Amino acid sequence: MLRYLLNFVFPPRCAACGGRLPIETHELVCSLCIGKIDRLSEPLCAVCGIPIAGASEWCERCAAAPPHFSRARAVAAYRDGAGRDAGLIASLIRRHKYGLDQSLGRALAECLGAELPLGDADYDLVIPVPLHRSRLRWRGFNQAAMLGRAVARRIERPIDAGNLMRIRATPPQTARTRRGRRENIRNAFAVRRPARVANRSILLVDDVMTTGATADECARVLLQAGARRVDVLTLARVL
Ligand SMILES: [Zn+2]
Ligand SMILES: [Zn+2]
């Protein structure tokens, strides 16, 4: 009732397009925008989840050097163009990360959509990709943890946001080569309590996957700590 009254006085607007939302809504993103999300669909590399052509099951990169995670899936392609070419998710993520607007975290969770691209996989635990505490202090929140909580609720599994830690502050991954990214992130993570991941099947959650170097390094450390399997879910994937 209160929400209805508030919405009546301050008509709610879509966090992505600014259009009017229905007055009785609980959502932050309008259905038109949700419908416009560039969702990834098969055929995808069975491992890393990038779109592939026809016959092969794995992309060339995974066939040549398989990552530590078993499977990565993303909800949508990350299109980082200008103006009308900019993907809705890319612009929401940017505004969320750098505009420090926490309410957009809920908008991003809505962009996950009705069905997560996880197939029939089952997990024991959701773990978000951590930020280094200096970055966390500056930003005030970890966008991967906000998404992780939404995913954990959705699949009805616990989230553990404190066990995997970023122990080394790394320079931003932007504008680095694939190999540079790998070296940049190496040994940046540690598992505080290995017993909590031992023999567990883990779903690692992040907002964007670029080359996969971060997810791969997290998976390596989790497996080393005794995890049975690590899969990755990101909201968006740079192609
Ligand atoms: Zn909209
Ligand atoms: Zn692949």
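Asn199 sits in the loop between strand 4 (189-191) and strand 5 (201-209); helices here are DSSP runs of H or I with at least four residues, strands are runs of E with at least two, and both are numbered from the N terminus. Asn199 is not a glycine, yet has a positive phi of about 65°. It is exposed because 10 other C-beta atoms lie within 10 Å. For the cut-offs, 20 or more other C-beta atoms within 10 Å of a residue's own make it buried, 12 or fewer make it exposed, and anything in between is partly exposed, with C-beta atoms placed from the backbone.

Glu156 is another non-glycine residue with a positive phi, this one about 55°. Look for Glu156 in the loop between helix 7 and strand 3 (164-166). Glu156 has 6 other C-beta atoms within 10 Å, so it is exposed.

Residues are numbered from 1 along each chain as its sequence is written, while chains are lettered from A and ligands numbered from 1 in the order in which they are written.

The chain's mean pLDDT (the predictor's confidence in each residue, from 0 to 100) is 88, and 91% of its residues reach 70 or more. Where pLDDT is low, the predicted coordinates should not be read in detail.

## Helix 5 and its two partners

Helix 4 (residues 88-98) packs against helix 5 (residues 103-111) at an angle of about 155°, and their axes are 9 Å apart. Axes are lines fitted to C-alpha atoms, for helices over the stretch in contact, and angles run from 0 to 180 degrees between N-to-C directions. Helix 4 and helix 5 are therefore roughly antiparallel: under 35 degrees counts as roughly parallel, over 145 as roughly antiparallel, 65 to 115 as roughly perpendicular, and the rest as oblique. Their crossing is left-handed, meaning that the near helix is turned anticlockwise from the far one by less than a right angle; clockwise would be right-handed. Helix 4 brings Ile89, Leu92, Ile93, Arg95 and His96 to the contact, and helix 5 brings Leu104, Gly105, Ala107, Leu108 and Cys111; contact requires C-beta atoms, placed from the backbone, within 7 Å. By class, that gives seven nonpolar, two polar and one charged, where Ala, Val, Leu, Ile, Met, Phe, Trp, Tyr, Cys and Pro count as nonpolar, Asp, Glu, Lys and Arg as charged, and the others, Gly among them, as polar.

Helix 5 also packs with helix 7 (residues 143-155), at an angle of about 50° and with axes 9 Å apart. These two are therefore oblique, and helix 5 passes helix 7 in a right-handed crossing. Gly105, Leu108 and Ala109 of helix 5 meet Gln143, Met146, Leu147 and Ala150 of helix 7. The tally there is five nonpolar, two polar and no charged residues.

## Helix 8 against helix 9

Helix 8 (residues 178-185) and helix 9 (residues 213-224) pack at about 40°, their axes 9 Å apart, in a right-handed crossing. Arg181, Arg182 and Ile185 of helix 8 meet Ala213, Thr214 and Glu217 of helix 9. This contact splits into two nonpolar, one polar and three charged residues.

## The loop between helix 2 and helix 3

Ile37 belongs to the loop between helix 2 (31-36) and helix 3 (60-64). It has 20 other C-beta atoms within 10 Å, so Ile37 is buried. Not counting residues up to four places away in sequence, Ile37 touches Ala76, Leu88, Ile89 and Cys111. Ile37 and Cys111 are 74 residues apart in sequence, with C-alpha atoms 7.8 Å apart in space.

Pro43 also lies in the loop between helix 2 and helix 3. The peptide bond joining Glu42 and Pro43 is cis, with omega about 5°.

Leaving aside neighbours within four places in sequence, Val126 is in contact with Gly148, Val151, Ala152, Arg157, Ile159, Leu203 and Val205.

How values were computed
This is a predicted model: local features need pLDDT of at least 70, side-chain atom pairs count only at pLDDT 80 or more; totals for chains, interfaces and linings use all residues. Two residues are in contact if their C-beta atoms, placed from the backbone, lie within 7 Å.
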